[in-house]
Each structure stands twice: as structure tokens, then as C-alpha cells.
Amino acid sequence: MAQLDTLDIIVLAALLVGTVAYFTKGTYWAVYADPYGNSLGSANGAAKAGKSRNILEKMEETDKNCVVFYGSQTGTAEDYASRLAKEGHARFGLNTMVADLEEYDFDNLDSFPEDKLAVFVLATYGEGEPTDNAVEFYEFIGSEDVSFADGGSADDKPLSKLHYVAFGLGNNTYEHYNSMVRNVDKYLTKLGASRLGTAGEGDDGAGTMEEDFLAWKEPMWAAVSEKMGLEEREAMYEPTLEINERPELSVEDDTVYLGEPNKNHLEGNQKGPFNANNPFIAPIVESAELFTSNDRNCLHMEISIAGSNLSYTTGDHIAIWPNNAGKEVDRVFKVLGMEDRRHTVIAVRGLDPTAKVPFPSPTTYDAAVRYHIEINAAVSRQLVSVIAQFAPNEEIKAEMVKLGSDKDYFREHVTERNLNLAQLLEINGKGQTWDKIPFSFLFETMVKLQPRYYSISSSSLVQKDKIAITAIVESIEKPGAPYALKGVTTNYLLALKQKQHGAPEPDPHGLNYAITGPRNKYDGIHVPVHVRHSNFKLPSDPSKPIIMVGPGTGVAPFRGFVQERAAQAQAGQSVGKTVLFFGCRKRSEDFMYADEWKQYQEALGDNFKMHTAFSRDGPKKVYVQHKLEEFGEEVNKLLEQKAYFYVCGDAAHMAREVNTLLGKIISQYRNVSETKGEEIVKAMRASNQYQEDVWS
Ligand SMILES: Cc1cc2nc3c(=O)[nH]c(=O)nc-3n(C[C@H](O)[C@H](O)[C@H](O)COP(=O)(O)OP(=O)(O)OC[C@H]3O[C@@H](n4cnc5c(N)ncnc54)[C@H](O)[C@@H]3O)c2cc1C
Ligand SMILES: NC(=O)c1ccc[n+]([C@@H]2O[C@H](COP(=O)([O-])OP(=O)(O)OC[C@H]3O[C@@H](n4cnc5c(N)ncnc54)[C@H](OP(=O)(O)O)[C@@H]3O)[C@@H](O)[C@H]2O)c1
Ligand SMILES: Cc1cc2nc3c(=O)[nH]c(=O)nc-3n(C[C@H](O)[C@H](O)[C@H](O)COP(=O)(O)O)c2cc1C
């Protein structure tokens, strides 16, 4: 393992304390309770703030015999949990509920009745870590000295009555693939619980998450039916939410939510603490396009958090809360034949005692769709097969059933064409409206619109109240796809940038965003945000050398890192070697912050080295890996001086390849085997000398 000096140990200890504190938020410090849950899919419910944390009591009270727990960060696992709960009820008559892992205690699992079922749907993050809401559960169930209410140690198999089902969500490009479901399954088995069916694993990296889920669940249901003596019945849609139109109210009434995320926002006095459940409506103080080429736009924005009590440190993430493009919102109402009712006020109520109303109400159909539902996302094959029952006629129904049951046909006609639900319904409806789809069905089955994370590209030392982001505007044209895929958040940000630069009605690509927000509350160029702290951190001692690898938007946090070290050097501090490997397509096209690096160079002198890889400037592709190889000797030397090594950007290919290459560089220059080189890289990761901030 890499040797660390005392200062590093202090820094790591502080990081550890910070991490524990972060992951245990809600336990050790107050968190603004989320009144609407993470996802619309959670309509089946979970404990509300102040209610019992006893899951057995809750199931008993509400007459449930199946609980589907989820560990989810960005809503996918929660959506799958909700789908399993609905399917279990519709097809097998199970009385199901969905439960957020963070809302319950687990020391009474040893009394979980034998004739009931627990389902675990778990996503993995970081270095094989749980999602924020699963941290406590994971620590409890994996603890060496776990103990349950009725006493007894692990050797006594305290969970021998518990029957469970497990599915994991992961990405094979990460080193610790699906380790949450693998570990939880191992712990539960060790404690005597019996799994029904196999522990499923969905792979985002291979792009097969949905198909992995569908393939896993059929044999799982067979095993569950056999064990619990269930009979399959014809699946019927049974709403868990009730929508009542309220003609006595109108959008003029100040009690009606028009997209405001909660009551304080509705009443016009946003109040902290601002966090994942309560965004700060932040002014955008500056915005620019770093480059614009062939329809590719790269945005730089400066967002003020002054006066919000929000804080960040260099390397953190900011979450941007988007709203949907007007063009796609219009499509939803057109396809449902509801254009004339879209501004009708509705009250939404849970029909089941465990049901959660997924957004503030009363609201309007329009506000719910625009601000709360992920209407642009890819459509799942399962949703298509379920929605077939509401088709306008038998011919269209048959086509939807075919799409839902034939995975190759679905891939060719839906996935490959990047269709969202409304686009699919529009195309397959052939001019007919889908007015038989109950609105409650859409609210219950579609995922909640999620905030998107961005690596902060400024230094908190240099500008503590202003957060910079660097974002590529997503616009994907695919041969055969009827529409270009326009990223929700990045195109919204582009519209905000255009507005700030004087466009009276900014409307990139005719997307028509509601950029002034509900009741014009975001006017003056504001955007809802919150900050998420990360462990991607500079060494606390600036004299330590660092190596950064960040092609494309992966350079974002490194602008912050270099900005910080340049300021430290200017303040007379001793700053160590600062080496940046940056890659982009062409020097003249997408070389981000080309002029700024020169200023940092002046401040840092010879201590700053930038190695650039322009992939499309010459006859052969040149990537950051080529540059790492070329300067392998220097890289190894710095690592031997305990340089910190950072990678940011594309998780799927670049980050993996850099990891492998570093092992080879170490092997070559330290004259050790490649296996030893890999082990050294692993040890660097374990000691935080190697840090990643990657996404795909
Ligand atoms: C920790 C972290 C840090 C990040 N940092 C940065 C950063 O610094 N800069 C940056 O630019 N990005 C960053 N990202 C990525 C960023 O969060 C967003 O994912 C990205 O900007 C796209 O968001 P969007 O809302 O514009 O696109 P979305 O609408 O979310 O679309 C994103 C992708 O989803 C898929 N998709 C969407 N709809 C469909 C459909 N109908 N059919 C098929 N596929 C579909 C496509 O692949 C599309 O490209 C980061 C992500 C993470 C997790
Ligand atoms: N999941 C993925 O596979 C993946 C990969 C990259 C980007 N993206 C997404 O695409 C969007 C735009 O990204 P961006 O602007 O950051 O990147 P970008 O401009 O597409 O890429 C930056 C540079 O990285 C190069 N590159 C491509 N593959 C690489 C690899 N395996 N190893 C090292 N370098 C490689 C590119 O070269 P060439 O393009 O000339 O090959 C380019 O020079 C982002 O939303 C990002 O998430 C996804
Ligand atoms: C920042 C980040 C880190 C991740 N780390 C891992 C990991 O270590 N192992 C893994 O198998 N999957 C990893 N994943 C993939 C997620 O588990 C996967 O995308 C999952 O669908 C997310 O589910 P959620 O939307 O419910 O949070 C990671 C994804 C992100 C964005």
C-alpha cells in the first residue's frame, strides 16, 4: 500500500469523517424532509416523516404481504421497485408496498413473517458503495456483530424465516460491479434468509439494464409463486392515485402549485436548508459558450449561491433541476387528446394508506408534466406492453403488444430510434389520440424528473459564493430516428444562456422552455440548484504533486483544481507539480479554456505542465492515454513522490483504459510484473491516492 505521511492521514481521516457524516445525513443532522419522495414511481408508498420506522407494523396495519425496498440515487432502482410492486399486485394478487430503505429500521427482520416477502432493489455507486438512502441498512446488515431484536448471533441464523428476492443495478465499467446486491445477498444468506430465484444484475454499462431486469423477473415470479402458492391472474390496472379535477380553482389561485417544488417556494419565500429535496433558486451571474461547432455547444456558467447558506469545496458537484421542453410537454397533451384540459387544476390523493402523493398538489396537469415527470426518457418495453391495454383500437393494441413482447422488434422500432413515450404513442397512434390512458397511470408509472449533476469547475478558495459549471449540450442525431434527441437539462441551460445574452424569446431548436419558471419566479435568469459534496479532493497540502487526466468535459473539476493551486502560488504558498492531461477533438475547435491555462501557467510557472491530445487534428487518433504513455517516466516518478492521481469524465472507456494503462506504466518503470503494477494501482485507489469522478 502506498505510504502516506501524517498530514495525509489527517486529511483522509477528515474525509472519512466527512463521508460518514454525509452518508448518515438525516441521522446525525437535520435534513429537510422530502414530502414527495424521490420518484413518481413511489406512488405505492413508504413511511412518512414522523411515522413508524417499524416495517412489520406498517405491513400489518396496511395489510401488506410484500414489501419492495429500494436503494436508489437517481431514481432507476426506485422505478424498478415500483414496477415490481405493481406487477406483483396486478398479476399475482400480492398486497405490495414500496419502501425507501432509509425510512425503516431493520433490527426486527428476524420476526419477518414466513408467509410474507421482502424484495431488495439496489443500485451500486462509487467504489462499490450504497446509495445515500441505503447506507444505514447496508452498514447494519453487513456488520460483523449485527444483532436483531430477539437476540442471537449470525451463527444462530436469525433470519431463517425471511424469504427475499434481490435485483441489483450496476455498470460493468466500474470496478465494483453490482457489489451492493452481491454483498447484501451474501449477508442475508449468511444470516439464514432464503432467496427466491436468482439475485438479478442489471448492467447499465452494456446498455442492457432493462432487458436484464425483464429476463430476471419471469423466473423470479415463478419461484415466488411456487413458494407462496400464488396463482397468476389477468393483469388489470388498479390506480393507487386518485386525480380530482377542481374546477373551482384556477391557475390564478395562489394555493395552486405551478411547478414550485414545495410550500415555501409556493409562498414566495424560499427557505433553507437547501438540499436534494429543496432547491435554491440561484441567479446565473455569467454564461458563455466555450465553443460552438457543428451544432455542438459547450457552456460555461457561473451560478451564485451567495446568501443561500449553501457552500461547496473544490471538487464537489452541483445539481441542476431542469424543466421539460415545451415542445415535448405539448406533445404529451396532444397525444392524450387533453390540450383543452392541460391547465385544469387537479388534486392528487393516494388511494392506498401507504401511497405517497408524488408532487405538491393542488397543481395542474401542465405543471405536473412540465416540472415533475421525466417525459423525454427512453421508454421501457414493460411500459409499452402495459400501456397496450389503453390503445385507441385493436390494431394499434396488437402492435403495442408485439413491441412489448418481442425484444428485437422493440429494439429496432423504439430503442434504436431514441423515442420517448409521447413520440412512440404519436407515431403508433397514426393520428388517433390515446384518451383512454388514465392520467394517474402516467403519474404512477413514469419516473420523476431528476436533477442532473455537474462537476464544479471553479475553486471554492477563489470564489466561495460562485459555482462554475462546464457542460456539453446534448444533441444526438441518429440515422432512422425521426427526432434529434435533445438533452433536457443542457438545452434548458442553453436557453437560459441565450436569454441572458439578450434573446427576447430564446428557443433553441424550437424547444420552448418555460425559462422564467412558475409564476416567473426564475426570471432574471435563475436556475434551481443544490450542492452535493464529493470525495474528489485536492490534497490538503498544496506542495504535494498532482496528476490530472480529464478529456472533454472531464476537464471541469481540473479547472477548479488548477485555479485553486494558481491562487495558492500567487499567495506565496509552496505548490507542488501540477500536471494536466487534457484531450479534445481539435485544437482550433473544442480546446476548452485555452487562454485561461496560460494565465495559470504564469502563476504556477514550471510547476504547471499541460499535455494535450487532439484526437482529430492528425491522421491518427491521439488520446490522453497516448500522452500518459509518452510521459510515463515522469508520471511514475511523480507517483513515487506520492503524487495524487485524478481521472474525470467518461466512465465507459477512457477511465477504464487509463486505469489499466497506469498499471502498465508502473510495471515498466518500476521493473515489476504487470500484475504487481495492477496491485499498486488498486492500493492507490484504496488509499485515495487515485481518485475518480466519472460518469457515462
Ligand atoms: C457525477 C457526475 C458529474 C457530471 N459532470 C458533468 C460535467 O461536468 N459536465 C457535463 O457536461 N456533464 C456532466 N455530467 C453529465 C450530466 O449530469 C448530464 O447527464 C448531461 O449533461 C446530460 O443531461 P441532459 O439532461 O441534458 O440530458 P438527458 O435528457 O438526461 O439525456 C442524457 C442521455 O440519456 C439518454 N436518453 C435520453 N432520452 C432518451 C431517449 N428518449 N431514448 C434513448 N436515450 C435517451 C441519451 O443517451 C442522452 O444522451 C455529470 C454526471 C455525473 C453523474
Ligand atoms: N459513455 C461514453 O462512452 C462516452 C464517451 C465520451 C463522451 N460521452 C458523453 O458525450 C458527451 C460529450 O462528451 P465530451 O465533450 O466530454 O467528450 P468528447 O468531446 O466526445 O471527447 C473528448 C475527447 O476524448 C476523446 N476520446 C474518445 N474516446 C476516448 C477514449 N476511449 N479514451 C480517451 N479519449 C477518448 C475524444 O476523441 P474522439 O471523439 O475523436 O474519438 C475527444 O478527443 C458527454 O455527455 C459524455 O458523457 C460518453
Ligand atoms: C457516479 C456513478 C458511480 C457509479 N458507481 C458504480 C459502481 O461502483 N458499481 C456499479 O456496478 N455501478 C455503478 N454505477 C452505476 C449505477 O449503479 C447505475 O447507473 C444505476 O442504474 C443507478 O441507479 P439509480 O438511478 O437508482 O441511482 C455508478 C453510476 C454513477 C452515475
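Colour the chain by pLDDT, the predictor's confidence in each residue from 0 to 100. The protein chain averages 91, and 93% of the residues score at least 70. This is a predicted model, in which local features need pLDDT of at least 70, side-chain atom pairs count only at pLDDT 80 or more, and totals for chains, interfaces and linings use all residues. Residues are numbered from 1 along each chain as its sequence is written, chains are lettered from A and ligands numbered from 1 in the order in which they are written, and side-chain values use heavy atoms, with hydrogens and water left out.

**Stop 1: the start of the chain**

Select residues 1-49. Here pLDDT stays under 50, and the model has 111 contacts beyond four places in sequence for this stretch; a contact means heavy atoms within 4.5 Å. Where pLDDT is low, the predicted coordinates should not be read in detail.

**Stop 2: the domains**

Now colour by domain, with bounds from an automatic or database domain assignment. Domain 1 covers 33-228 and domain 2 covers 241-254 + 326-445. Domain 3 is 264-321 + 452-532, and domain 4 is 546-695. The centres of domain 1 and domain 2, taken over C-alpha atoms, are 28 Å apart.

**Stop 3: ligand 3**

Select ligand 3 and the residues near it (a heavy atom within 4 Å). There are 21, and the closest are S72, T74, T76, T124 and G126. Next, look for polar contacts, pairs of N or O atoms within 3.5 Å; within protein, one must be able to donate a hydrogen and the other to accept it, and residues adjacent in sequence count only if both atoms are side-chain atoms. A polar side-chain atom of T76 sits 2.5 Å from an oxygen atom of ligand 3. From the backbone, an N or O atom of Q73 is 2.8 Å from an oxygen atom of the ligand. On its own, ligand 3 has 650 Å² of accessible area, and the protein covers 87% of that. Such areas come from the Shrake-Rupley method with a 1.4 Å probe; for residues, only the protein chains shown count as cover.

Which element gives the largest share of the shell around ligand 3? Select β3: three residues come from there.

Helices (H or I, at least four residues) and strands (E, at least two) are DSSP runs, numbered from the N terminus.

**Stop 4: ligand 2**

Move to ligand 2. It has 21 residues around it, with R296, E474, T553, R616 and Y623 the closest. Show the side chains. A polar atom in that of T553 is 2.5 Å from an oxygen atom of ligand 2. For S615 the distance from a polar side-chain atom to an oxygen atom of the ligand is 2.7 Å. R616 also places a polar side-chain atom 2.7 Å from an oxygen atom of ligand 2. Domain 3 and domain 4 each supply at least three residues of this shell. Select α21 as well: it gives the most, with four residues.

**Stop 5: ligand 1**

Finish at ligand 1. Of the 25 residues around it, Y453, Y454, E474, T489 and T490 come nearest. A polar backbone atom of Y453 is 2.6 Å from an oxygen atom of ligand 1. On T490, a side-chain N or O atom is 2.6 Å from an oxygen atom of the ligand. Taken alone, ligand 1 exposes 970 Å², and the protein buries 76% of that.
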